[in-house]
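Me: I would like to learn how to read the side-chain features of a protein model, one kind at a time. Could you take me through them, with the general idea before each case?

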Amino acid sequence: APLVISFLLRAFAGDGWQDLGIKPAWKGNGLWYAVSILVYPVCATLILLIGLGLGMISFSAPATVGVFVQAFALLFVSQILTNIPEEFGFRGYLAPKMYTLPLNTFVAHVLVGLIWGLWHAPYLAAITPYTTESMITLLPRFLLGTVAASVVYGEIRLLTNSVWPAVLMQTTGGMFIGALM
């Protein structure tokens, strides 16, 4: 939906295509691509190590690693196919439009994060029957996470002038977290 709406606005509402960020912009941005690929796995690994060190989690490493690697690899196609349209809607369209408003860049990132997070509300409502958590506690925490992520995604988008680092970041994060689950 974000990609379709952004396409319609660009094509028929006069928004144009100049700020889409479709070019990968590899040159001079290797660090930002590396950050995009590594940020979720590094953060999740640190959280797991802290939990393990505190005795709050346990796992059988030899058996778990093989299953994790298989799940990680299997998730690539589904993640990349869902994240390209999502990121071109949010980081390719909404974020650049927010940056043109007379707002502080941080405020623009926060607004994009809130809209991005609220867009996920139907998905969260669909999964809460399978958890012990209700939307009353899940949605605020999820919004906090999407706002924080939106600041990182947005800054990297501004630094690289490309949507692709955000696509890679969300894809890697989805693969890593999805494989852990």
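Reply: What follows goes through salt bridges, aromatic pairs, a proline and a surface patch in turn. This is a predicted model, in which local features need pLDDT of at least 70 and side-chain atom pairs count only at pLDDT 80 or more, while totals for chains, interfaces and linings use all residues. Residues are numbered from 1 along each chain as its sequence is written, and side-chain values use heavy atoms, with hydrogens and water left out.

Me: How many salt bridges does a search of the whole structure find?

Reply: Side chains of opposite charge can pair when their charged atoms come close. The term is used here for a side-chain nitrogen of Lys or Arg within 4 Å of a carboxyl oxygen of Asp or Glu. The search of the whole structure gives 4 salt bridges. One of them joins arginine 10 to aspartate 19, at 2.7 Å from N to O.

Me: Which residues are linked with Asp19 in a network of salt bridges?

Reply: The network consists of Arg10, Asp19 and Lys97. Lysine 97 meets aspartate 19 at 3.1 Å, N to O. Because lysine 97 belongs to helix α3 (residues 61-99) and aspartate 19 to the loop between α1 (2-12) and α2, this pair ties together parts that are 78 residues apart in sequence. Helices here are DSSP runs (H or I, at least four residues) and strands likewise (E, at least two), numbered from the N terminus.

Me: Is arginine 10 buried or exposed?

Reply: Buried means under 20% relative accessible area, exposed means over 50%, and partly exposed lies in between, using a 1.4 Å probe and protein chains only. Arginine 10 has 3% relative accessibility, so it counts as buried, and aspartate 19, with 18%, counts as buried too.

Me: What does arginine 91 lie over, and at what distance from the ring centre?

Reply: A charge sits over a ring if NZ of Lys or CZ of Arg is within 6 Å of the ring centre and within 35 degrees of the ring normal. Arginine 91 lies over the face of tryptophan 116, at 4.2 Å from the ring centre. Arginine 91 also forms a salt bridge with glutamate 87, at 2.7 Å from N to O, and both residues lie in helix α3, 4 residues apart, about one turn of the helix. Arginine 91 is buried at 0% relative accessibility, and glutamate 87 is buried with a relative accessible area of 0%.

Me: Which residues form one aromatic cluster?

Reply: Rings of Phe, Tyr and Trp (its six-membered ring) pair if their centres lie within 6.5 Å; planes under 30 degrees apart count as stacked, over 60 as edge-to-face and the rest as tilted. The structure holds 8 aromatic pairs. Among them, phenylalanine 68 and phenylalanine 176 are edge-to-face, 5.1 Å centre to centre with 75° between the planes. That pair links helix α3, where phenylalanine 68 lies, with helix α7, where phenylalanine 176 lies, 108 residues apart. Phenylalanine 72 and phenylalanine 176 are also edge-to-face, at 6.5 Å and 80°. Phe68, Phe72 and Phe176 form one aromatic cluster, in which phenylalanine 72 is partly exposed at 26% and phenylalanine 176 is buried at 11%.

Me: Which residues does proline 165 touch?

Reply: Contact means heavy atoms within 4.5 Å. Proline 165 touches Tyr33, Ser36, Ile156 and Thr160, not counting residues up to four places away in sequence. Proline 165 is placed in helix α7 (residues 164-180) and is buried, with a relative accessible area of 1%.
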